[in-house]
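Subject: Structure handover

Hi there,

Here is the structure I promised to pass on to you. Please open it next to this email, and read the notes with the model in view.

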Amino acid sequence: MEVQLRAWRMEDAEALAVIINNPKILANLRDGIPYPYTVSDGKDYITSVLNAERDQQYNWAIMAEETLAGSIGILRKNNIHRFTAELGYFLGEPFWGRGLCTAAVKAACAYIFENTDIMRIFAEPFAYNTGSCRVLEKAGFHFEGLLRKNAVKNGQILDMKLYALVKEDAAV
Ligand SMILES: CC(C)(COP(=O)(O)OP(=O)(O)OC[C@H]1O[C@@H](n2cnc3c(N)ncnc32)[C@H](O)[C@@H]1OP(=O)(O)O)[C@@H](O)C(=O)NCCC(=O)NCCS
């Protein structure tokens, strides 16, 4: 199945709400995403990314054959970390296990390194999130370390794993 990244459109809000209303997805993301997640929440999110400051964040809808499959975003950090950016993503459950996220991560990182001055992209999945760690490894990210007791999620203290891809390695 082919994956394409494209800009968000307001009409994606309905499909986004269907995807994100899934505790298995929310359990792996940061807090602050509403649950239940309404179409109006989806419209608010899409409005915010469409109005976001240029060069500070790059957000795409992940499309699989004309259907919204998920979301991927790369957010620039600031101050001394301004050439560093954080990667986040999720896919709707029906799309898991087909290599789609790996393809999306590769495409997003290639775009960033070709079109921006960002030199380092990192991600911090929960250590138990084997699927996400595997996505990063398959996309060429390096495991840089275990972040012990780095988060509290749903009442549990969790380790996270730090993965990063730097521009010169991506070009190889
Ligand atoms: C993580 C997620 C994005 C993966 O998307 P995906 O399209 O299924 O990923 P891919 O198919 O490209 O690759 C998944 C890989 O992980 C492996 N994998 C998945 N679950 C696994 C598990 N429990 N144990 C071991 N390997 C696992 C798959 O076998 C595959 O590796 P392979 O190609 O070597 O066989 C998707 O499951 C998701 O959205 N999860 C919820 C949100 C989330 O975790 N977001 C990331 C936050 S850091």
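This is a predicted model: local features need pLDDT of at least 70, side-chain atom pairs count only at pLDDT 80 or more; totals for chains, interfaces and linings use all residues.

**The chain as a whole**

The protein chain holds 6 helices and 7 strands, and along the sequence they come in the pattern β-α-α-α-β-β-β-α-β-α-β-β-α. The radius of gyration of the protein chain is 16 Å, which agrees with the value near 16 Å that a compact globule of 172 residues would have. Along the principal axes, the C-alpha atoms fill a box of roughly 40 × 40 × 35 Å. Of the 172 residues, 33% count as buried. If you take the contacts between residues at least 6 apart in sequence, 60% of them join residues at least 24 apart.

**Around the ligand**

Which residues come nearest to the ligand? Out of the 20 residues around it, they are Asn28, Cys101, Thr102, Gly131 and Arg134. The shell around the ligand divides into 10 nonpolar, 8 polar and 2 charged residues. At least two residues of the shell come from each of β4 (84–91), α4 (100–115) and α5 (130–138). Helix α5 gives the most, with 5 residues.

**A closer look at α5**

After α5 comes glycine 140, which has a positive phi near 95°.

Is strand β6 (residues 142–153) buried or in the open? Of its 12 residues, the number buried is 0, so β6 lies largely in the open. Glycine 145 is found in this strand, and it counts as exposed because it has 10 C-beta neighbours inside 10 Å. Strand β6 pairs with β7 in the antiparallel sense over 8 bridges, and leucine 146 stands opposite lysine 161 in β7. The two strands form a hairpin with 2 residues between them, and asparagine 154 in the turn has a positive phi of about 50°.

**Backbone details in the loops**

Most residues other than glycine have a negative phi, and most peptide bonds are trans.

- Tyrosine 35 and proline 36 are joined by a cis peptide bond, with omega about 0°. Proline 36 lies in the loop between α2 (23–26) and α3 (39–50).
- Glutamate 65 is not a glycine, yet it has a positive phi of about 45°. Glutamate 65 sits in the loop between β2 (57–64) and β3 (67–76), and counts as exposed with 9 C-beta neighbours inside 10 Å.
- Asparagine 79, also not a glycine, has a positive phi of about 55°. Asparagine 79 lies in the loop between β3 and β4, and counts as exposed with 5 C-beta neighbours inside 10 Å.

Best wishes

Notes:
Residues are numbered from 1 along each chain as its sequence is written. A residue is near a molecule or strand if its C-beta atom, placed from the backbone, lies within 6 Å of it. Helices (H or I, at least four residues) and strands (E, at least two) are DSSP runs, numbered from the N terminus. Ala, Val, Leu, Ile, Met, Phe, Trp, Tyr, Cys and Pro count as nonpolar, Asp, Glu, Lys and Arg as charged, and the others, Gly among them, as polar. A residue is buried if 20 or more other C-beta atoms lie within 10 Å of its own, exposed if 12 or fewer, and partly exposed in between; C-beta atoms are placed from the backbone. Two strands pair if DSSP finds at least two bridges between them. The radius of gyration is taken over C-alpha atoms; the globule rule is 2.2 Å times the number of residues to the power 0.38. Two residues are in contact if their C-beta atoms, placed from the backbone, lie within 7 Å.
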